[in-house]
Amino acid sequence: MVSIAARNLLHDRTRVTVSAGGVGFAIMLILILAGTYDGFYRQAGLFTENSGADLFVGQDGVIDTLHSFSILPLDLTDDLSRVSGVERVCAIISRTVELHVGDSDHPKAILVGYNESHGTAGPWKMLEGKRLPDRGEIVVDQIMARKNGLSLGSGVQIGGREFRVAGISAETNMFIMQYAFVRYEEIEGLVLPPATATYLLVTLSPGADASRVRADINERFPGVRAFTLDEITTNNRNVISGLFLPILLTLYLIGFVIGITVIGLTVYTATMERQREYGVLKAIGSKNGNLARIALAQALLLAVFGFVAGLAITAATASLIGFAVPEMYLYFTPYQVAFVFAAAIGMSVVATALPLSRLARIDPASIFRRG
Amino acid sequence: MDVLRAEAVDKVYGVGDAEVRAVDGISITLAAGEVTLVMGPSGSGKTTLLFLLGGLLRPTAGHVWVDGHDLAALPERKLPGVRLRTFGFVFQDFNLLANLTARENVQVPMELAKVPVAKAEARATELLTRLGLGSRLDFLPEKLSGGEKQRVSIARALANRPRVVLADEPTANLDSKLGKEVVGLLKGAAREANAAVVMVSHDSRIVDAADRLLLMEDGRLVAME
């Protein structure tokens, strides 16, 4: 029966091509959304994951590093250092600032004052230049560099102070903003009051239990809150989930409905065109189940064609996005592709409902009527 | 040997003043290898009788016995299986599947009956060759003449070795010579397969090919020769 399905479907190649293209666009929509979401989700945790710390300590009430604002007295560093199981405490600054590039461009960046003594919270992946800038130097993200015409040696102003670009980092793009890194001492008192830090990053002694030390800090130091690396990373990623997931699910649904509609209409049209032939099959003894298999096989074939077209359209669209909107970071995984393939199969199964009801109503005796 | 027996079969459409008795108390038996021609004016109930005999319609009253089954009493879901294995159908408009070759069209009922593909292909080839289409096996219907299409339709009807072949106006779209030739082929092939044949037709030129002639009028059998 599959040969009947394929022959009937492929009989009108233009229609199949257009339909596969339509399904392909629905697949592309779902894949790009999934890629965007996973891209943001991944990026949201990279800074904390690569910070080199075991615990993040912030002001009480702060639960993530992305949209909460924390400010802590610098002398807390010494107090925390005395907690059992703590090997080292490093103060860092993380603030959203405006960079001045040339006369007119003022891009915003998440400026991190990394700990120059231990390299904690510095950039973790470099494209070129130094990973840890010296005095008067800054490391900027590759997207920011590209968008603002920055390269090694370019000048950037922050709060009236001049910095020279010493390195270009990768994986430090947060879509609307990018990370930039300078030494802590350079911006202490510039973007925060003197003798303050945004976070204190704790490195544990070998064998120390992170959960226990965290609980100890939370108990002994009112007004601060300690997180394990997993907790703060998860919290950061949950910010992204909370912002994007409802929108994403809605758009997923739209993509899914478009796919179902295109497949459903195509298979329905192919069924209607061959209604008489289905009547013949029924008359000679085909059960509705056989006809359902033909319709389903057509829908599945269309879904597979659409999926392949969708992968090609996605690849082209992703290249275009990378060129036109470099901040939009797309992250594709085999899991997503498998999910979208399953979605395409799901679309075809749902889309078969319409032609199926039509097939079930065909009266086999009707084919004896003339015309 | 009788292969089909219809007993006091009625088919009534509508109710009250709108009631139409399309078939009225018909009883017939069909013997293996026998060719029965049903004739009568338009609206006499010939095609309805064909539907009733082939399990495409359920009688309002009466019984149609075939292979030990009463088609009138069989549940709906079992009728396709009986049609597939017990009946072969030949249509006026041939009704071949346009995107399948002649051989594939003949294979379809066997595929539905779950005959292994190689076996189905061999039988389709054999049937078509016997009907003079050995050189047209891989032709699509659009490349075949009317007579060739009807021969493919006959081969398809015989594919599952049916007990009864039901043919609805099999010569209507063929010229006189071709019509006689096709009916002759149908008769020969059915005899060889020991199947009963019922043909419904307006075409008096094929009367000679029939072993028995039934005349219908207003849903009743008015003559049997």
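Reader: Which domains is chain A divided into?
Author: Domain 1 (2–44 + 239–368) and domain 2 (61–222). The bounds come from an automatic or database domain assignment. This is a predicted model: local features need pLDDT of at least 70, side-chain atom pairs count only at pLDDT 80 or more, and totals for chains, interfaces and linings use all residues. Residues are numbered from 1 along each chain as its sequence is written, with chains lettered from A and ligands numbered from 1 in the order in which they are written.

Reader: What separates the centres of domain 1 and domain 2 of chain A?
Author: 46 Å, taken over C-alpha atoms.

Reader: How many residues does the contact take from each domain?
Author: 8 from domain 1 of chain A and 10 from domain 2 of chain A. Contact requires C-beta atoms, placed from the backbone, within 7 Å. On the domain 1 side, helix 2 (residues 13–49) of chain A gives the most, with 3 residues. Helices (H or I, at least four residues) and strands (E, at least two) are DSSP runs, numbered from the N terminus.

Reader: New topic. How many helices and strands in chain A?
Author: 11 helices and 13 strands.

Reader: Why is chain A called more spread out than a compact globule?
Author: Because its radius of gyration is 29 Å, well over the 21 Å that the globule rule gives for 371 residues. That radius is taken over C-alpha atoms, and the rule is 2.2 Å times the number of residues to the power 0.38. The C-alpha trace of chain A spans about 95 × 50 × 30 Å along its principal axes.

Reader: And chain B? How many of its residues are in contact with chain A?
Author: 19 residues of chain B, with 19 residues of chain A. Helix 1 (46–53), helix 2 (79–86) and helix 3 (102–112) of chain B each supply at least two residues of that side of chain B.

Definitions and conventions:
Contact = placed C-beta atoms within 7 Å.
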